[in-house]
Amino acid sequence: MIFVLISASGFSNEFIIGIIDFPSLFIIVLPLIFFLIVTKSGKIILAYIKSSFTKDYKYSKSELNRISSAIKSTIKFVMATGLLGFLIGIINCFYLSEPEYMLVNISVILVTILYSVAISMFVFYPTKVWADNKINEDL
């Protein structure tokens, strides 16, 4: 993800400013933080983050299965949040928007999908793959 952002910095500043949209980011990040604090999956992920700072911590197969399952649930939640933000944005765009600003508003709405995919695939998915690989290593 960092590579993509650095590569994109070679483009114009308008491109970078167009990708960074704080309301869309908050639509994804705030529910994710709430999800991680409140749910059992979030507690498992937070425990994983704590233990990952411990040197030479060995995960049991059941811990790895729980981590993989929790991250799978979190990925689904983030993608659903992005879709919900997209749908709410589309409804507001068609209902409240003036016709000359329609395309600009739709491009901002699509950024919520971009953020949800980026967070899911670049933050959570590699950890899920790591846990799945560790489970298969032990077999």
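How many salt bridges does the structure hold? In this predicted model, the answer is one. The protein chain contains six helices and zero strands, so that the order of elements from the N terminus reads α-α-α-α-α-α. Of its 139 residues, 32% count as buried. The accessible surface of the chain amounts to about 9500 Å², and carbon and sulfur atoms contribute 71% of it. Among contacts with a separation of 6 or more, 74% join residues 24 or more positions apart.

The salt bridge links the side chains of Asp132 and Lys128, with 2.8 Å from N to O. Both residues belong to helix H6 (residues 102-138), where they sit four residues apart and are therefore separated by about one helical turn. Are the two partners buried or exposed? Lys128 has a relative accessibility of 17% and counts as buried, because the cut-off for buried is under 20%. Asp132, with a relative accessible area of 24%, is partly exposed.

Two packed helices are described by the angle between their axes and the distance between the axes. For helix H3 (residues 22-38) and helix H5 (residues 61-96), the axes come within 9 Å and cross at roughly 145 degrees. The crossing of H3 with H5 is right-handed. On the H3 side, the contact is made by Ile27, Ile28, Pro31, Leu32, Phe35 and Leu36; on the H5 side, by Ser73, Thr74, Phe77, Val78, Thr81, Gly82 and Gly85. Sorted by type, the residues of this contact comprise eight nonpolar, five polar and no charged.

Methods
Residues are numbered from 1 along each chain as its sequence is written. This is a predicted model: local features need pLDDT of at least 70, side-chain atom pairs count only at pLDDT 80 or more; totals for chains, interfaces and linings use all residues. Side-chain values use heavy atoms; hydrogens and water are left out. A salt bridge is a side-chain nitrogen of Lys or Arg within 4 Å of a carboxyl oxygen of Asp or Glu. Helices (H or I, at least four residues) and strands (E, at least two) are DSSP runs, numbered from the N terminus. Buried means under 20% relative accessible area, exposed over 50%, partly exposed in between (1.4 Å probe, protein chains only). Axes are lines fitted to C-alpha atoms, for helices over the stretch in contact, and angles run from 0 to 180 degrees between N-to-C directions. A crossing is left-handed if the near helix is turned anticlockwise from the far one by less than a right angle, and right-handed if clockwise. Contact means heavy atoms within 4.5 Å. Ala, Val, Leu, Ile, Met, Phe, Trp, Tyr, Cys and Pro count as nonpolar, Asp, Glu, Lys and Arg as charged, and the others, Gly among them, as polar. Accessible areas come from the Shrake-Rupley method with a 1.4 Å probe; for residues, only the protein chains shown count as cover.
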